[in-house]
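This report is written for a reader who has not seen the structure before. The sequence and the model come first, and the description comes after.

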Amino acid sequence: MAANYWESTQRKHWQFTKDQLATMRQKLEDEDPQLVHMFPLQQLRHLNIYFNQQINRLGKRLGVRQQAIATAQMYLKRFYTRVEIRRTNPYLVLATAVYLACKMEECPQHIRLVVSEARSLWPADFVGLDTSKLGECEFFLISEMNSQLIVHQPYRTLTMLQGEFALSPEEVALAWSVVNDTYMTDLPLLYPPHVIACTAVLLAVVLRPSGNNPAGGQGGTNTTNPQAGFAAAAAALSQARAAGNTTPLGTPLSSQGSSQPDGSQPERKAGAGAAAATPDARVGKVQRFAAWLGESGIDIEAMVDSTQELISFYECHEQYNDKLTREQINRYVKARGLDK
Amino acid sequence: MDKFPRTVSQLRREAPVNHNNFIYPADRGTGPIGYQSKVRVIDKYKVVGFISSGTYGRVYKALGRQGQTGEFAIKKFKPDKEGEQVTYTGISQSAVREMALCSELSHPNVIKLIEIILEDKCIFMVFEYAEHDLLQIIHHHTQQPRHPIPPSTIKSIMFQLLNGCQYLHTNWVLHRDLKPANIMVTSSGEVKIGDLGLARLFYKPLHALFSGDKVVVTIWYRAPELLLGSKHYTPAIDMWAIGCIFAELLSLRPIFKGEEAKMDNKKTVPFQRNQMQKIVDIMGLPTKERWPFLSSMPDYSQLSTLQPPLSGPSHGHHHHHHYQNQQRQQTGVGGSHLEKWYYNTINQATGSATSAGNGAPSLASLGQEGYKLLSGLLEYDPEKRLTAAQALQHPFFSTGPDRISANCFEGLKMEYPHRRVSQDDNDIRTGSLPGTKRSGLPDDSLVRPNKRVKDG
C-alpha cells in the first residue's frame with residue numbers, strides 16, 4: 001500500500017527480473033521488426049540519459065522538486081515496458097509524465113503551463129503540442145500503468161539513513177545524486193527502493209566525496225576514482241554478507257555479474273587497498289554500515305548487483321553521444337508524423 | 001436496454017478516422033489516431049440503473065456482461081467541458097488521487113475497486129456494489145415510528161468503520177470526507193469506507209495539506225481544529241468525523257448541524273461561526289487547559305465571539321423527562337454537556353422504541369463505555385483524541401452483552417430497504433451531467449438533505 005512497499009502495486013506489478021524485462025522489450029520490438037529496423041536507436045541506457053536530461057530541463061523550468069521528477073521518470077520507465085518507443089513522441093510522453101507526477105506528488109502544475117514550457121523547450125520537435133494532446137496522452141499513460149501511480153522512491157530511506165549513520169552533507173549529496181543516476185538504469189524496475197537507497201549510501205561513504213567533486217551533477221561522473229570506490233563497496237558488501245550470515249547463496253563476489261566481467265575483477269585487491277588508504281573514521285563508518293546491512297536482512301545480492309549495474313552504467317555513460325541520440329529520436333518522430 | 005449500447009458501439013466503429021496522417025495502425029495515444037481504450041465499458045458491463053450524482057460525475061449500478069459475478073457501482077467522472085466539443089483538459093487532481101489510492105488499497109472495510117476504464121475522455125471507476133450506506137440506514141430509522149438502530153448493529157458498524165480507518169491511517173491515507181453518505185454497507189452487513197475522492201497521502205507533503213483544496217470535509221463532520229483555521233491535516237480529523245458519525249448513529253441526527261458560511265468574493269475561507277457554535281453548545285468552550293495549542297490556532301480570537309453553552313444542549317427535542325436522572329451530570333468536565341447528551345440520547349431512544357412497542361433492544365446497553373468512546377473521539381485537542389488503533393482497543397467493544405460481529409445486520413429480523421436506483425438515465429455513455437457542487441452538504445447522497453431537515 002501507500003506506505004507499505006511490501007503490499008504495494010510497485011512490488012506486485014512493477015518489479016521485474018532482468019529476464020522478464022528483456023522478454024517484454026523483445027516482444028515490443030517483435031511487434032513490428034520493420035519499424036525497429038527502419039529507425040535504429042541508441043541503446044536503452046543512452047536513451048534514458050537523454051530522457052533524463054529532458055525531464056530535468058522541463059522540471060527545472062517548472063520549478064518541480066526532485067521527488068516529482070523521479071516519479072515522472074518511473075512513469076516513463078513503466079510506460080516504455082509496455083509501449084514501443086518508436087510508436088510515441090517521447091517529448092509528449094515525458095511532458096505528460098511530469099504533468100501527472102506533479103499531481104500525484106502534490107505539487108500540481110497547470111496543464112497549460114506544462115504545455116507552454118514544453119513547447120518552448122522543444123519548439124521543433126513538437127509543433128502540434130497542445131493541452132488536448134497532453135490530456136489524451138495522460139489517458140494513455142494511466143491506462144498502460146493500470147492506474148498504479150503511487151511510486152515508492154529511495155529518498156525516504158536515504159533520509160532515514162542520513163540520521164542513523166550521521167552522514168555528512170557531502171555524503172548525503174553524493175548518495176542523492178547516485179539515486180538520481182539510477183533512473184537512467186533499469187534498477188528502479190529491478191529492485192526495491194530501499195535496496196537502491198542502501199547501495200547509494202554505501203557508494204557515497206566509500207567514494208569519499210571532496211570539495212572539488214560537486215555532487216548532484218549529471219551522470220554521476222563526478223567521482224575521481226570510481227573503480228577503487230566500487231571495489232571498496234564490494235568489500236563492504238562481502239563483509240555485510242558474512243555478518244548477516246543469513247544469505248544462503250554464498251556466491252563469491254568475483255563470480256557475480258556475468259554481464260559485466262570486468263566489473264568484478266578488481267574488487268578484492270582494490271577493495272583491500274582502498275580500505276587501507278582511508279582514514280579510520282571512514283573505515284569505521286563503512287564497517288558500521290556494513291554490519292548494519294548484515295543484520296538488517298536486506299538483500300545483499302541485490303545490492304551487489306545494483307553496484308555492478310551502476311559501474312556498468314558509468315562506463316556506458318562515457319560513450320554517450322547526445323547529438324546522435326537526439327537525432328535518431330527526432331528522425332523517427334518527424335518521419336512518422338508524431339510531432340503533429 | 002441492450003439496444004442502445006450496441007448502436008453506440010456501431011457508431012463508434014463507423015466514426016470517421018482522419019486518414020491524412022495515418023501511418024501505423026498500432027500507434028496509439030500519441031499519433032494521429034489518438035488514444036483508444038482496450039476495454040469498452042458497455043462491452044463489459046450492463047448498466048441497470050442510475051444511483052447518484054455529484055461534482056465529479058455520476059454513479060451507475062451495473063452487472064457484468066462477461067461472466068463477472070456480483071453487482072457493480074460504476075463511477076463516471078465527467079470530462080471538464082460539457083457540450084458538443086469535449087476535449088481532453090487533463091484529469092483533476094482529486095480523480096488522480098482517487099484512482100491511485102483505490103488501486104493500492106485492499107481491506108475488507110474499504111470499498112473495493114474492480115477496475116478503471118479510461119474511455120472516450122471519461123474515467124469509469126468500477127467498484128464492488130454496496131446495497132446500503134449509513135445515511136440511508138439512519139434515515140430508515142427516522143421513519144415513523146422513529147426507532148433506534150439496534151446496539152449490536154451500532155457496535156459492529158463502529159468497529160468495522162474504525163478498522164477500515166485504521167487501515168487507511170497506517171497506510172498514510174487520510175480520508176478527509178467521512179460522513180454517513182460515504183460509509184457503505186453491503187447486504188451481508190460489511191461496512192466499507194467509500195468515496196476516496198478527497199483522500200490523500202499525508203507523509204511528507206510538498207505543500208501544507210490544507211493549501212491544495214481550501215475546504216474539505218462536510219461541515220457537520222469538520223473537526224474543531226479545522227474550523228479554527230489549522231493548516232495541519234492529521235488523522236485526528238478523520239477521528240472527529242467518526243465521533244460525529246457515532247453520535248448520529250445513536251441519535252439519528254447530525255450532532256453538530258451547523259450552517260455553512262459561504263466563501264466570500266475574495267475567496268478567503270470564512271470562520272465557520274455557526275458550526276463552531278453548534279459544537280460549543282454541546283462540548284462547551286475549548287480551554288487552553290484541555291487543549292494546550294488552542295491559542296496558536298489561527299482563528300483563536302474568534303472563539304471569544306461565541307456564546308458559552310446554555311445550561312443544556314440547544315437541541316430542543318432533548319428536553320425530555322428522561323434526563324431528569326442525569327441532571328447531576330449536567331455539566332461535566334470543562335462545561336461539556338456531552339455526557340448529558342449521551343445519556344439523554346440513549347435513554348430517550350429507548351423510550352420511543354418501547355412506546356412503539358416493537359421491543360427493540362435498548363441503546364442503554366451501550367452503557368458508560370459508549371460515552372467514554374464518544375468523548376474520546378469528540379476530544380477537542382487533536383493530540384489527545386483517540387486514534388483509530390486506540391479506539392479499536394476501547395472497552396466499548398469488549399464489554400456489554402453483544403459480541404462484535406463482522407455482519408452488522410446479524411440477529412436483525414428486519415431488512416433495510418434497498419438502494420433506490422432510477423431508470424431515468426441508464427445511458428452511461430452520454431448521460432447528461434448536472435453540475436452540482438460539493439458544498440459541504442451531502443449533495444451526492446441518495447437521500448435528499450432537505451428531507452432530513454424536517455425531522456431534525
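The model is predicted.

**Chain B as a whole**

Chain B contains 12 helices and 10 strands. Of its 456 residues, 45% are buried. When contacts in chain B between residues at least 6 apart in sequence are considered, 69% of them join residues at least 24 apart.

**The sheet in chain B**

Strands of a sheet pair through backbone hydrogen bonds, in either a parallel or an antiparallel sense. In chain B, an open sheet is built from 5 strands in the order S1-S2-S3-S5-S4, and the pairing is antiparallel. Its edge strands are S1 and S4 (113-119) of chain B, each of which pairs on one side only. From one strand to the next, the twist averages 25 degrees.

Three of the strand pairings are described here in turn. Strand S1 (residues 45-53) of chain B is joined to S2(B) over 7 bridges in the antiparallel sense. B:Tyr45 has B:Gly64 of S2(B) as its bridge partner. S1(B) and S2(B) form a hairpin, with 3 residues between them.

S2(B) also pairs with strand S3 (residues 71-77) of chain B, again antiparallel and over 7 bridges. Here B:Arg58 is bridged to B:Lys76 in S3(B). The hairpin of S2(B) and S3(B) has 6 residues between the strands, and B:Gly67 in this hairpin takes a positive phi near 80 degrees.

S3(B) in turn pairs with strand S5 (residues 122-128) of chain B in the antiparallel sense, over 6 bridges. In S5(B), B:Met125 is the bridge partner of B:Lys75.

How many residues of strand S2 (residues 57-64) of chain B are buried? The count is 6 of 8, so S2(B) is largely enclosed by the rest of the structure.

**A helix in chain B**

Helix H5 (residues 151-170) of chain B has 20 residues, which at 1.5 Å a residue should span 28 Å; the end C-alpha atoms are 28 Å apart, in agreement with this. H5(B) is mostly covered, with 16 of its 20 residues buried. After H5(B) comes B:Trp172, which has a positive phi near 60 degrees.

**Helix packing in chain A**

Two packed helices are described by the angle between their axes and the distance between the axes. Two contacts of H8(A) (residues 131-144) are set out in the table.

| Helix pair | Angle between axes | Axis distance |
|---|---|---|
| H7(A) (residues 111-121) and H8(A) | roughly 110 degrees | within 9 Å |
| H6(A) (residues 90-104) and H8(A) | about 80 degrees | 9 Å |

The angle between H7(A) and H8(A) is roughly 110 degrees, which makes H7(A) roughly perpendicular to H8(A). On the H7(A) side the contact is made by A:Ile111, A:Arg112, A:Val114 and A:Val115, and on the H8(A) side by A:Thr131, A:Leu134 and A:Gly135. These residues divide into 4 nonpolar, 2 polar and 1 charged.

For H6(A) and H8(A), the angle is about 80 degrees, and H6(A) is therefore roughly perpendicular to H8(A). Residues of H6(A) in this contact include A:Leu92, A:Val93, A:Ala95 and A:Tyr99, while those of H8(A) include A:Leu134, A:Cys137 and A:Leu141. By class, the contact has 9 nonpolar, 1 polar and 2 charged residues. A:Leu134 of H8(A) takes part in the contact with H7(A) and in the contact with H6(A).

Terms used:
Residues are numbered from 1 along each chain as its sequence is written. Chains are lettered from A and ligands numbered from 1 in the order in which they are written. This is a predicted model: local features need pLDDT of at least 70, side-chain atom pairs count only at pLDDT 80 or more; totals for chains, interfaces and linings use all residues. Axes are lines fitted to C-alpha atoms, for helices over the stretch in contact, and angles run from 0 to 180 degrees between N-to-C directions. Helices (H or I, at least four residues) and strands (E, at least two) are DSSP runs, numbered from the N terminus. Angles under 35 degrees count as roughly parallel, over 145 as roughly antiparallel, 65 to 115 as roughly perpendicular and the rest as oblique. Two residues are in contact if their C-beta atoms, placed from the backbone, lie within 7 Å. Ala, Val, Leu, Ile, Met, Phe, Trp, Tyr, Cys and Pro count as nonpolar, Asp, Glu, Lys and Arg as charged, and the others, Gly among them, as polar. The expected span of a helix is 1.5 Å times one less than its number of residues. A residue is buried if 20 or more other C-beta atoms lie within 10 Å of its own, exposed if 12 or fewer, and partly exposed in between; C-beta atoms are placed from the backbone. Two strands pair if DSSP finds at least two bridges between them.
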